[in-house]
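My entries follow in the order in which I made them.

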Amino acid sequence: MIQTARDHQHSITRAFTVKIFSDIFQRRCPAASKPFLCAVANDMNRRPTAKHQIMPWSAHFRKTLTLAIPLMVGQLMSIGINTADIIAMGQLGTTELAAGSLAARYFQPFFFLGMGLMLAVGPLVAQGLGGNDDRLVRRSFRQGLFLALAVGLLFMLPIAEGSRVLVWLGQDPATVAQADDFLFWLALGIPFVFIYFVTRQYVISHQRPIPQVVAAALGLIANIIANHMLIHGIGPFPAMGLNGIALSTSVIYLLMGVGLLIYIGRSEPYQSSAPFHRIWVMDWQVTWRMLKIGTPIGLTIVAETGMFIAVGLMIGLFGTAPLAASAIASQIAAVAFMIPLALGQASSVRVGHFAGANDRGNIGRAAWAAMSAAVATTCALSLAIALLPAQLVALFLGTADALTADVIALAIPLVMITALFQTVDGAQVVGISVLRGLNDTKWPAILSVGSFWGIGVASGALFAFHFDFGPLGLWSGLLIGLSAAALSLGWRMHRSIQRINSGGSILMG
């Protein structure tokens, strides 16, 4: 400890000396008259390149999994809230499932665009931690909370008025009428959803994922209980039916966000960077940087989820049973996606830390370790889904009604296609997550939008409506779009790592 203190004091003294001599040389020695001294001054101004030890591959795999496994648990708990909602809708009936899933699909673009903006907090905090820059850590968190509140309030009105848009898009007015109040209760909770994402990114970036796991687990349990109480009306709570599911979700996100805020304010290592110091002060430079990084992330996520949403809405044109079947297949895909998504988040945090520390040698290894782990786990997921399609579909259906047989008949082949695209979905999310850790978000967003919409949605529509493959053709377009994204984003990740290893710039924005 004494030696560490001496090293720190030596570092401060050296920096102070460099600053003094640098200022003297730059003011008093024009380059033409004293080129040698000016060269010395310029050399002293350069940040010295630290010598970093390259970690063995086994250590990278171990550290990636150590961070990713708790993230997987947290992600599964978080998606479990949505899954519990879908199951609760199915227990109410097929028409309620169709109405609730339709409202959820309309809600999701706002949800994921805001989530993408909040994800910018993660790389910035990780880079600040890697570079020992508490000011960047603190300001990134503060501006993230400001954006969460501002964007949440901005999105409330269009979400609450979503029924008008759905009717305009050609959805069944009777189904939309059931979703009207559901969207209102979801709109009330959207600012708290984004605040939760900011706090979650902050604790994950410290490579301490357990707090968000605990918050998500408690939120899932509370949501299941609250769904039951608000749907059927227990004790002082009125029976709200489908609308009770939306209110429950909004309240749960409020509790999870506030809970993590309290934990951050009272616990280490988060207290060390004084996260709430002068929290009312705006930093527009950091806000702009966050928007510059986060907007492409949000658009990328909306492009991918929007592909699923657009396909779901087009499937809704074929009737209520296909709409319910696609809701089941989509939710199974969303749950499975949480595992590679956690590996992607772990890669983004680890790559961001190495980038902030200017540690070139370990960036590529951290990236490829996460990619290899994602391919291995998604292959196992594909096999599990392909072996159990009927059992998985049955989880989402309650008492049989007139449409149940039609829903099962269509949902099983949709789930089989879902099994096929697990590996490419995992590869593309790790590729884009690594690039986010390097602040590379613009071109990955363009590649994603082109793959998901220009290839995925377009090919699905062609198969469904021109070749008369119906819902199966639309769902096959997802496989094609995700494959294109995996190839293009994997190639860009490979080229970025080559650039860094050859001495090029590390951060892109």
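**Helix packing**

I began with two helices and noted that α3 and α10 are roughly antiparallel to each other, because an angle over 145 degrees counts as roughly antiparallel. The angle itself is about 165°, and the axes of α3 and helix α10 (residues 242-266) lie 10 Å apart; such axes are lines fitted to C-alpha atoms, for helices over the stretch in contact, with angles running from 0 to 180 degrees between N-to-C directions. I also recorded that α3 passes α10 in a right-handed crossing, the term for a near helix turned clockwise from the far one by less than a right angle. Helices here are DSSP runs (H or I, at least four residues), numbered from the N terminus.

**How I read the model**

This is a predicted model, in which local features need pLDDT of at least 70 and side-chain atom pairs count only at pLDDT 80 or more, while totals for chains, interfaces and linings use all residues. Residues are numbered from 1 along each chain as its sequence is written, and side-chain values use heavy atoms, with hydrogens and water left out.

**Surface**

Which residues make the nonpolar surface patch of about 260 Å²? I found Trp-57, Phe-61 and Trp-368 there, a patch being built from residues with over 30% relative accessible area and no salt bridge, with nonpolar side chains (Val, Leu, Ile, Met, Phe, Trp, Tyr) joined within 5 Å and like charges within 9 Å. Trp-57 belongs to helix α3 (residues 57-92) and, at 37% relative accessibility, counts as partly exposed; buried means under 20%, exposed over 50%, and partly exposed in between (1.4 Å probe, protein chains only).

I then turned to Leu-157 in helix α6 (residues 134-160), which is exposed at a relative accessible area of 59%.

**Salt bridges**

How many salt bridges does the structure hold? I counted 2, taking a side-chain nitrogen of Lys or Arg within 4 Å of a carboxyl oxygen of Asp or Glu as the criterion. In one of them the side chains of Arg-164 and Glu-161 meet at 2.7 Å, N to O; Arg-164 is exposed at 63%, whereas Glu-161 is partly exposed at 34%.

Arg-492 forms a salt bridge with Asp-440, the closest N and O atoms being 2.9 Å apart. This pair links distant parts of the chain, 52 residues apart, with Arg-492 in helix α18 (residues 470-501) and Asp-440 in the loop between α16 (422-437) and α17 (442-466). Arg-492 is partly exposed at 22% relative accessibility, while Asp-440 is buried at 4%.

Conventions
Areas by Shrake-Rupley, 256 points an atom, 1.4 Å probe, with all protein chains shown as cover. Parallel < 35°, antiparallel > 145°, perpendicular 65-115°, else oblique.
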